[in-house]
Amino acid sequence: MTKISPSLRATSLSQHNASVVFANIFYNGPITQREISRISGLSFTTTAAIVSRLKKRGIIERSIESSTNGGRPAALYRCNPSYRYVMGIEAQHDKLYLIVSDLAGHVLSRSTTPFDKKIGKDGFLDLLLQAVKNLIDSFKGQSTRFLGVGIGVGGLVDPKDGSVSILSHLPDWGNLSLKSIVEGEFHLKVFVQNNSDAAALGELRYGLGRGKRNFLFINVKDGIGMGIVLNGELYMGTSGTAGEFGHITVDDHGPVCTCGNVGCLETLTSVPALVQNAKKSITQGVTSMIKEIAGGDLNAITFPVLLEAAKQEDKLAYKLFTDVGRYLGEGIVSLVNLLNPELIIIGGDFVQAGDLILEPINDVLRRQALELPRKAVEVVFSKLGESASALGSVVPLVEEFVASPLSK
Ligand SMILES: [Zn+2]
């Protein structure tokens, strides 16, 4: 057993106590010193000493309100959200979406950098590093406030070293460590994770998942990703890849998927699947105003075009949305039976389709899911919009700060 010297023990104990006090203020604030002491089991004197240190450093501040619970008003403390900033990035299939937020998840600044799908690995890295630099530069004189950069990518990520083995939009990616590349450039702590895992964390801390124990975030864009929260924590599986919902086989004779298999869920229900089905039906002669809305060009049919057609009550557009909703619903039935979640949050492009997608999903759920788990679950759309992944990608950095507030 390692012998711990008294001074070392004292240091780690005081760091531990500081993290306990700060975590109570960060997650439960505004809160009084007496309440922190009661919840944490630390003495009032120890709590007051730590509160004083945190306040002196500007990490916490007195709230404007005060607690009048049981007599003399007591000061309430809360985290000073602008003590540190974090940058969150989602690398989407056609653009980089960046935000800077404070410790409370308020978005202070955002930027979007579109890119061509043929950009390649080097072009993508140049663009990413430049976009990060531009955003940091826009916070003139405040760069020391940055805790780090969180990145969510559509691909398989090893959470230990931030290496990305597949980046879905860049076939020439190889197995690079995005974490080391960005850390080396900016000397900031970098955390890389899958974009759907990041979005689930974003929902857990700042969105509809707040206070929920078991929920799933289904990200529908070019493909389908999923983030799983079980018992209040992100579940990542043995290799960190849990949640590849888009690659479950639903049709043995279905279309070939980007993963090499046949009939994966995302070949039947995703934005490209929807567009492909529209083109196929029109080519086969189905009457519809879709082509007309697309300016007469079959190749100009996009997700917004299909949405517009459905809004104008085009029968084919309506059927196409119903079909993808049903396929997604069938996948969701399996998730509900398997995991018994209380909430399923759908994010990504399908949010804009609203009831066009939600009604067939709920219809399939009502008919096919087991009664008990079905009664316990609600399917909703994310309200974080495009920010879910970027916001969630910074959560691990903020949590690390909460665990050792006086060392940063
Ligand atoms: Zn697949």
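What radius of gyration would a compact globule with 408 residues have, and what value does the protein have? A compact globule of that length would have a radius of gyration near 22 Å, and the value for the protein is 24 Å, which agrees. The model is predicted. Taken along the principal axes, the box filled by the C-alpha atoms is roughly 80 × 50 × 45 Å. The secondary structure consists of 15 helices and 14 strands.

Three domains are given by the domain assignment. Domain 1 covers 6–79, domain 2 is made of 84–202 + 389–407, and domain 3 covers 208–383. The centres of domain 1 and domain 3, taken over C-alpha atoms, are separated by 45 Å.

Two packed helices are described by the angle between their axes and the distance between the axes. Helix α2 packs against helix α3 (residues 44–56) at an angle of about 120 degrees, and the two axes are 9 Å apart. An angle from 65 to 115 degrees would count as roughly perpendicular and one over 145 as roughly antiparallel, so α2 is oblique to α3. The crossing of this pair is right-handed. On the α2 side the contact involves Q33, R34, I36 and S37, which meet F44, T47, A48 and V51 of α3. By class, four of these residues are nonpolar, three are polar and one is charged.

The crossing of α8 and α11 is right-handed. From α8, the residues A273, L274, N277, A278 and S281 meet L316, L320, D323 and V324 of α11. The contact of α8 with α11 comprises six nonpolar residues, two polar residues and one charged residue.

α11 contributes F321, T322, G325, R326, L328, G329, E330, I332, V333 and V336 to the contact. The residues contributed by α12 are L356, I357, E359, P360, I361, D363, V364, L365 and Q368. The contact of α11 with α12 divides into eleven nonpolar, four polar and four charged residues.

Two local backbone features remain to be described. Most residues other than glycine have a negative phi, and most peptide bonds are trans. The peptide bond joining G29 and P30 is cis, with omega about 0 degrees. P30 lies in the loop between α1 (6–28) and α2 (33–40). At N231, which is not a glycine, phi is positive, at about 50 degrees. N231 is placed in the loop between β11 (224–230) and β12 (233–235).

Methods: Residues are numbered from 1 along each chain as its sequence is written. This is a predicted model: local features need pLDDT of at least 70, side-chain atom pairs count only at pLDDT 80 or more; totals for chains, interfaces and linings use all residues. A crossing is left-handed if the near helix is turned anticlockwise from the far one by less than a right angle, and right-handed if clockwise. Helices (H or I, at least four residues) and strands (E, at least two) are DSSP runs, numbered from the N terminus. Two residues are in contact if their C-beta atoms, placed from the backbone, lie within 7 Å. Ala, Val, Leu, Ile, Met, Phe, Trp, Tyr, Cys and Pro count as nonpolar, Asp, Glu, Lys and Arg as charged, and the others, Gly among them, as polar. Domain bounds come from an automatic or database domain assignment. The radius of gyration is taken over C-alpha atoms; the globule rule is 2.2 Å times the number of residues to the power 0.38. Axes are lines fitted to C-alpha atoms, for helices over the stretch in contact, and angles run from 0 to 180 degrees between N-to-C directions. Angles under 35 degrees count as roughly parallel, over 145 as roughly antiparallel, 65 to 115 as roughly perpendicular and the rest as oblique.
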